[in-house]
Amino acid sequence: MPSTDFDPASNHHPSWALIGSNLQERDMGIFSNIMSKIFGHASKTAPTTSAVKPVPAPAPTPTPSAAPISPAPPRPQVVDVTAVLDELAADSPQKLDWRHSIVDLMKLVGLESSLSERKALADELGYTGDKGDSATMNIWLHRQVIRKLSENGGKVPAELMD
């Protein structure tokens with residue numbers, strides 16, 4: 001009987017451990033991974049300001065005819081995408097042009113940037129063009145990722161939004 005590395009008791013193959021993290025990241029969504037890498041990095045490097053404590057505002061005096069006022073939902077944290085990516089680029093041993101290249105942007109945040117991953121990202125973001133024309137797809141992907149980062153609380157310069 002031939003030897004196999006598959007362990008039926010655990011339903012695992014040893015090589016699955018090597019790709020497990022990539023599968024887990026992909027299940028989450030490639031764009032979600034890009035966003036979490038950028039926004040997560042920003043929260044790790046954001047300065048803490050504990051020196052000054054805000055003074056609470058006095059509670060409003062309720063009036064019998066006034067409807068209760070519910071507090072406004074918390075604003076999402078605004079992340080300076082340019083600052084985060086520039087910092088990552090400065091720390092990278094490779095020269096990566098994240099401002100113009102989706103491949104470099106994905107590499108910079110530590111994600112797989114292969115054509116198959118970019119095609120999966122294109123599917124995720126609703127690309128309807130020819131995925132065989134990778135240059136056009138890559139330009140579209142870069143614009144979409146930057147736009148979606150902006151829509152989700154990322155601060156990006158106007159020139160990257162075009």
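Met 161 has its place in helix 7, residues 158–161, where helices are DSSP runs (H or I, at least four residues) numbered from the N terminus.

User: Before going further, what kind of model is this?
Analyst: This is a predicted model, in which local features need pLDDT of at least 70 and side-chain atom pairs count only at pLDDT 80 or more, while totals for chains, interfaces and linings use all residues. Residues are numbered from 1 along each chain as its sequence is written, and side-chain values use heavy atoms, with hydrogens and water left out.

User: Is Met 161 buried, partly exposed or exposed, and which residues does Met 161 touch?
Analyst: Buried means under 20% relative accessible area, exposed over 50%, and partly exposed in between (1.4 Å probe, protein chains only). Met 161, at 36%, is therefore partly exposed. Contact means heavy atoms within 4.5 Å; leaving out residues up to four places away in sequence, Met 161 touches Ile 146, Arg 147, Ser 150 and Val 156.

User: Why is the pair of Tyr 127 and Trp 140 called tilted?
Analyst: Rings of Phe, Tyr and Trp (its six-membered ring) pair if their centres lie within 6.5 Å; planes under 30 degrees apart count as stacked, over 60 as edge-to-face and the rest as tilted. Here the ring centres of Tyr 127 and Trp 140 are 4.9 Å apart and the planes stand at 50°, so the pair is tilted. Tyr 127 counts as buried at 13% relative accessibility, whereas Trp 140, at 25%, is partly exposed.

User: Which residues does Ile 34 contact?
Analyst: Leaving aside neighbours within four places in sequence, Ile 34 is in contact with Leu 105, Met 106, Leu 111, Leu 121 and Val 145.

Terms used. Helix = DSSP H or I, 4+ residues; strand = E, 2+ residues; numbered from the N terminus.
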